[in-house]
Structures are given as C-alpha cells and as structure tokens.
Amino acid sequence: MVLEVLMIVGVLLVPVPALVVGAGGLLRRTGRSSIDVRTDRIEFGLLVIGRLLSLALLAALSGVTLLSCVGGLVKGLTVPSLVYVFFLADLLIAVLVVLTFGRRNRRPARRPATPARR
C-alpha cells in the first residue's frame, strides 16, 4: 500500500512535469543546420517524430502506472509486478526527456571583461 502511494507521488512529481516541459520543447530547433535545405527538413522531421514517440511512450507509461496504482488502492488489490518495471522505465524516460529536449535555451555567454583600459 505504501509503495503504491510512493509510486503515485513519484509519477506526479517527475514524469508528468517532464511531459509538460517536453511538449514545450517539441518543435524547438537546435543551432545546427545542414547546407542542403531538403536534408535539413528531413533531419528536423525525424527529430520531431522521435520526440513525439518518446512523449507518447512517457504518457502511456505514466497512465498505466497511475491507473494500476490508484485502482489497486481503491479495490485493495495487489499491483502486478510489471507495474514496477513500468514505473522505473517511466522515470528513466522522463529524465531522458528533460535532459535532451525539455531544457530551456541557455543564455548567451557574456564576454569576459579584460582588465586593460580601452
């Protein structure tokens, strides 16, 4: 019972915010581009498809984990052991989403000040 509650809290604290942040960075371009316009579009399309698949997997794993844990608490049943695997996979994919395309753009670096007079 306690483990199911911890899993519910874990899903609500890590993967659900990662899903929201990742959806915001779905169409964000990196600073790289190819010389050929067609190649650049194909590369960006594949990148967006990969991001969509990872967000869909994250949403599916979060939904299954939450549904199983809440249903197990309400009905008083034991949670199947595969739900624990789904929970860990959900956490790992959430970390992957946040570290790859869920981050905000970095600020440009300031020029270092020189001690010499101008």
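Colleague: Which residues in helix 3 are buried?

Modeller: This is a predicted model, in which local features need pLDDT of at least 70, side-chain atom pairs count only at pLDDT 80 or more, and totals for chains, interfaces and linings use all residues. Residues are numbered from 1 along each chain as its sequence is written, and side-chain values use heavy atoms, with hydrogens and water left out. Taking buried as under 20% relative accessible area (1.4 Å probe, protein chains only), and helices as DSSP runs of H or I with at least four residues, numbered from the N terminus, the buried residues of helix 3 are Asp40, Phe44, Val48, Arg51, Ser54, Leu55, Leu58, Leu61, Ser62, Thr65, Cys69 and Gly72.

Colleague: Against which helices do the buried residues of helix 3 pack?

Modeller: Contact here means heavy atoms within 4.5 Å. The buried residues of helix 3 pack against helix 1, helix 2 (15-24) and helix 4 (81-100).

Colleague: At what angle do helix 1 and helix 3 pack?

Modeller: Axes are lines fitted to C-alpha atoms, for helices over the stretch in contact, and angles run from 0 to 180 degrees between N-to-C directions. For helix 1 (residues 2-13) and helix 3 (residues 37-75), the axes are 9 Å apart and the angle is about 150°. Because angles over 145 degrees count as roughly antiparallel, helix 1 is, relative to helix 3, roughly antiparallel.

Colleague: Is Ala94 buried or exposed?

Modeller: Ala94 has its place in helix 4, and, leaving aside its neighbours within four places in sequence, Ala94 is in contact with Val14, Pro15, Ala18 and Leu58. Its relative accessible area is 0%, and therefore Ala94 is buried.

Methods:
Helix = DSSP H or I, 4+ residues; strand = E, 2+ residues; numbered from the N terminus. Parallel < 35°, antiparallel > 145°, perpendicular 65-115°, else oblique. Buried < 20%, exposed > 50% of the residue type's maximum accessible area, 1.4 Å probe, protein only.
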